[in-house]
Amino acid sequence: MSYKKISLSRQLFYIIITVFIILFISIGVVLPKVLIPVAEKNIYSYLSEPLKVMQQDFNKELVNSTVAYLYIIDGKIVNSDNLSDVLEIEDTNKLRKYLTSDYGKFIYKHKTYYYYKIQTSGVIRVALTGDSYIRQTKEEILNTVIPIVLIMFLIIGLILVIWSSMIVFKIEKLKYKIDNIDNASYNHKIDFIIDDEIKSLGLAIEDMRISLKNQEEYRNQMYQNISHDFKTPLTVIKSYIEAVSDEVEEPNVALKIIEEQTNKLENKVHSLLYLNKLEYLKDTKVEIVPVDIKKILTDEVDKFKWKRKDVEFILDIDNKLSFVGTVEHWETILDNLLNNFMRYANKKIKITAKQNKLILYNDGSNIDNDLLEGIFTPFRKGIKGEFGLGLSIVKKTLSIIGYDIKIKNEKKGVSFIIMKNQRKNK
């Protein structure tokens, strides 16, 4: 199904016309009908006052062309001379069937007439008039109200048109901004004077643009770092293959180096795939269960302590600990941290698990403060100019199971402190 495109200006024009029609009908039809009861009340008051002072003869000063009078005495009707002018009726006796109450109105020959009746001392006095007063009242109302309302409507309509033009201008500017969101030469400055929702939307779009720009720069930088990190082992492998082909290197030596570089490259690929998996799972609810952190730590130490026999492992673990997650998550976290420690520790690695807080310490060199800020960023250049994914995997895995990590430079060495994320566990 296709829809016709209608601009906001035209939509507003249609709305104004619709409102004008509704307003015109309300003023021209509804308002007079609402005011008719008030006008009729005035007519009855207007008819009753002369009857209260009029005697048995008709006072010529009270008689006019719009009001006629009747006296009904002993069944006989006497009327004022202007009755035929007010009410075109030849037989006045026919009026009796209409005068059924003290006051009211009746229709005679398709015209509406009003009457008021007073009965005293056996004499019935009646005043009658047509609907000219009602019609005149309607005309006066319409002649007075319609011009005022029309002028006010035009002023309001003009204000709405100006306001809508400003809104449309802002929206079009936001549209151009979005269309040029990746255009560096476009002027992205938000110069709306009025601080309203549209300006807030513009600022939000600008924040999004800056975020996308930063993400693009980060992505490009990460791709460069990945290329560099993957290129190094590939270059070494290629060099040794050529060295064996040129018979300048022993095959056994070359195979050993190639195997080491292949394993290194394989680990990098696995780490990259795992990091992508964490990105996919970060918004997915993971089933978190209590884990035996003491056993996991003991197993990890047994796994790593043979890699560097010159490093002493010290474990200080409480018997009563409450850690949650999965064994796989904690093994991934500790594998990456201890791999990192193996490179930088001098002689000692200490793991402390107390009060549901896990602290991993190594006595290596302090980390430069400039590196601490982005140390968990994937492929961020780290200590000794190296790139890696390990600490980024640690950070994201801990976040998934509801933990956070911070790094603290000690007087000698570095501590990695893991604790529950209070914001996530509230």
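## The open sheet

Five strands, in the order E7-E9-E10-E12-E11, make up an open sheet with mixed pairing. Strands here are DSSP runs (E, at least two residues), numbered from the N terminus, and two strands pair if DSSP finds at least two bridges between them. Strand E7 (312–317) and strand E11 (403–409) are at the edges with a single partner strand each, so one side of each has no neighbour in the sheet. On average, neighbouring strands are turned by 15° against each other, direction ignored.

The model is predicted: local features need pLDDT of at least 70 and side-chain atom pairs pLDDT 80 or more, while totals for chains, interfaces and linings use all residues. Residues are numbered from 1 along each chain as its sequence is written, and side-chain values use heavy atoms, without hydrogens and water.

## Strand pairing and helices

Strand E9 (residues 348–354) pairs with strand E10 (residues 357–362) in the antiparallel sense over six bridges. Ile349 has Asn362 in E10 as its bridge partner.

Helix H7 (residues 327–344) lies across E7, E9, E10, E11 and strand E12 (414–420), at about 20° to E10. Helices are DSSP runs (H or I, at least four residues). Angles run from 0 to 180 degrees between N-to-C directions, with axes fitted to C-alpha atoms, for helices over the stretch in contact; contact means heavy atoms within 4.5 Å. Helix H9 (residues 390–400) also packs on the sheet, touching E11 and E12, and its direction makes about 140° with that of E11.

## Ile17

Ile17 is found in helix H1. Its relative accessibility is 37%, so Ile17 counts as partly exposed (buried is under 20% relative accessible area, exposed over 50%, partly exposed in between; 1.4 Å probe, protein chains only).
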